[in-house]
Amino acid sequence: MNTLKSTRKQKKNMSKFDKYFLLSWRKIWIIVVGGFVSILLHNFISAIFGFEEAVFFIIVILVIPIYFLVMIVYSLVKRFKN
């Protein structure tokens, strides 16, 4: 029961940056699945409508890797700071 209380206290003490930038397995899976879905949507839209769209391609190529690198750096800084 103590671990449940301490987990709740840790979640309450998390800042907004921790919520979005602290690395966790759940976020890694969201990134992997989100990248895969973006690739599929990019290809399906291209096949169905016959033109290349750039939104999902940019998400896969730029946004997801930059977010992942920021999460790694933030987590390392937070870990070695404490």
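Tutor: Let us begin with the surface. The protein chain has an accessible surface of about 7,100 Å², and 72% of that area belongs to carbon and sulfur atoms. Accessible areas come from the Shrake-Rupley method with a 1.4 Å probe, and for residues only the protein chains shown count as cover. This is a predicted model, in which local features need pLDDT of at least 70 and side-chain atom pairs count only at pLDDT 80 or more, while totals for chains, interfaces and linings use all residues. Residues are numbered from 1 along each chain as its sequence is written, and side-chain values use heavy atoms, with hydrogens and water left out.

Student: How many helices and strands are there in the protein chain?

Tutor: Helices (H or I, at least four residues) and strands (E, at least two) are DSSP runs, numbered from the N terminus. Here there are four helices and zero strands, so defined by those runs. Of the contacts (heavy atoms within 4.5 Å) between residues at least 6 apart in sequence, 61% join residues at least 24 apart.

Student: What share of the 82 residues is buried?

Tutor: Buried means under 20% relative accessible area, exposed means over 50%, and partly exposed lies in between, with a 1.4 Å probe and protein chains only. Buried residues account for 15% of the 82 residues in the protein chain.

Student: Which residues of α3 are buried, and what covers them?

Tutor: The buried residues of α3 are Lys-27, Ile-31, Gly-35, Ser-38, His-42 and Ser-46. Their cover includes α2 (16-21) and α4. Helix α3 spans residues 25-49 and contains His-42, whose relative accessible area is 12%. Not counting residues up to four places away in sequence, His-42 touches Glu-52, Glu-53, Phe-56 and Phe-57.

Student: How does the span of α3 compare with the expected value?

Tutor: The expected span of a helix is 1.5 Å times one less than its number of residues. With 25 residues, α3 reaches 36 Å from its first C-alpha to its last, close to the 36 Å expected. After α3 comes Gly-50, with a positive phi near 80 degrees.

Student: Which residues form a salt bridge?

Tutor: The criterion is a side-chain nitrogen of Lys or Arg within 4 Å of a carboxyl oxygen of Asp or Glu. By this rule the count is one salt bridge. Asp-18 pairs with Lys-78, the closest N and O atoms being 3.2 Å apart. Asp-18 lies in helix α2 and Lys-78 in helix α4, so the pair ties together parts 60 residues apart in sequence. Asp-18 is buried, at 5% relative accessible area, whereas Lys-78 is partly exposed, at 29%.

Student: How is a pair of aromatic rings described?

Tutor: It is described by the distance of the centres and the angle of the planes. Rings of Phe, Tyr and Trp (its six-membered ring) pair if their centres lie within 6.5 Å; planes under 30 degrees apart count as stacked, over 60 as edge-to-face and the rest as tilted. This rule gives four aromatic pairs. One of them, Phe-21 with Tyr-74, is tilted, at 6.1 Å centre to centre and 55 degrees between the planes. Phe-21 belongs to helix α2 and Tyr-74 to helix α4, so this pair ties together parts that are 53 residues apart in sequence. Ring pairs also link Phe-17, Phe-21, Tyr-67 and Tyr-74 into a cluster.
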